[in-house]
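Please read the report below alongside the sequence and the coordinates. It moves from the whole chain to single residues.

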Amino acid sequence: MGIETIRILDEIDKHTARARDGEPEKIRESLAAIRALCDLLLEDGMRAPKKPRAMPLAATETVNRPQSVPAATRLQEEGANGDSLFEF
């Protein structure tokens with residue numbers, strides 16, 4: 001789950017307190033927020049959280065060998081007037 005359950009429950013508590021003390025319009029807003037947060041919790045509960053699995057490396061990949069990086073070559077074009085991509 002992207003957001004911890006306890007954090008969502010804390011938000012539900014905040015909206016519950018607002019609904020108790022609020023005007024009818026604010027009560028509806030708080031109840032809608034509580035519904036959305038509950039739906040989020042229920043939806044995430046239906047999908048089992050995927051834990052990352054360790055992938056074993058091949059024996060040849062575990063050896064610390066320096067890798068060669070190809071040298072960058074500049075392309076020289078006739079009529080170009082600088083190194084910038086935007087200078088033409």
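## Overall make-up

The model is predicted, and the protein it describes has two helices and zero strands. Of its 88 residues, 10% count as buried, while the accessible surface comes to about 8800 Å², with 55% of that area belonging to carbon and sulfur atoms.

Helix α1 covers residues 5–21, a run of 17 residues. From its first C-alpha to its last it reaches 25 Å, which is close to the 24 Å expected at 1.5 Å a residue.

Four residues of α1 are listed as buried, namely Ile8, Ile12, His15 and Ala19. Seen down the axis of α1, these buried residues fall within an arc of 65 degrees, so they line one face of the helix. An α-helix has 3.6 residues a turn, so residues three or four places apart point the same way. The face of α1 turned away from the buried side carries Ile6, Arg7, Asp13, Arg20 and Asp21, which are exposed.

## The nonpolar core

The largest nonpolar core consists of five residues: Ile8, Ile12, Ile34, Leu37 and Leu41. Helices α1 and α2 each supply at least two residues of this core, and the largest share, three residues, comes from α2. As a general background to such a grouping, nonpolar side chains in soluble globular proteins tend to be buried together.

His15 has its place in helix α1 and counts as buried, because its relative accessibility is 15% and the cut-off for buried is under 20%. Leaving out residues up to four places away in sequence, His15 touches Ser30, Ala33, Ile34 and Leu37.

Ser30, which lies in helix α2, is likewise buried, with a relative accessible area of 5%. Apart from neighbours within four places in sequence, Ser30 is in contact with His15, Arg18 and Ala19.

## Partly exposed positions

Leu31 lies in helix α2, which spans residues 24–46, and is partly exposed, with a relative accessible area of 47%. The C-alpha atoms of Leu31 and Ala19 are separated by 7.1 Å, although the two residues are 12 residues apart along the chain.

Ile3 is found in the segment before α1, and with a relative accessible area of 41% it is also partly exposed. Between the C-alpha atoms of Ile3 and Leu41, which are 38 residues apart along the chain, the separation is 9.5 Å.

## The salt bridge

How many salt bridges does a search of the whole structure find? The search finds one, and in helix α1 the side chains of Glu11 and Lys14 meet in a salt bridge, at 3.2 Å from N to O. Because Glu11 and Lys14 are three residues apart in helix α1, they are separated by about one helical turn.

Both partners count as partly exposed, Glu11 at 30% relative accessibility and Lys14 at 44%.

Definitions and conventions: Residues are numbered from 1 along each chain as its sequence is written. This is a predicted model: local features need pLDDT of at least 70, side-chain atom pairs count only at pLDDT 80 or more; totals for chains, interfaces and linings use all residues. Side-chain values use heavy atoms; hydrogens and water are left out. The expected span of a helix is 1.5 Å times one less than its number of residues. Buried means under 20% relative accessible area, exposed over 50%, partly exposed in between (1.4 Å probe, protein chains only). The arc is that of the directions from the helix axis to the C-beta atoms. A nonpolar core is a set of buried Ala, Val, Leu, Ile, Met, Phe, Trp, Tyr and Cys residues joined through side-chain atoms within 4.5 Å. Contact means heavy atoms within 4.5 Å. Accessible areas come from the Shrake-Rupley method with a 1.4 Å probe; for residues, only the protein chains shown count as cover. A salt bridge is a side-chain nitrogen of Lys or Arg within 4 Å of a carboxyl oxygen of Asp or Glu.
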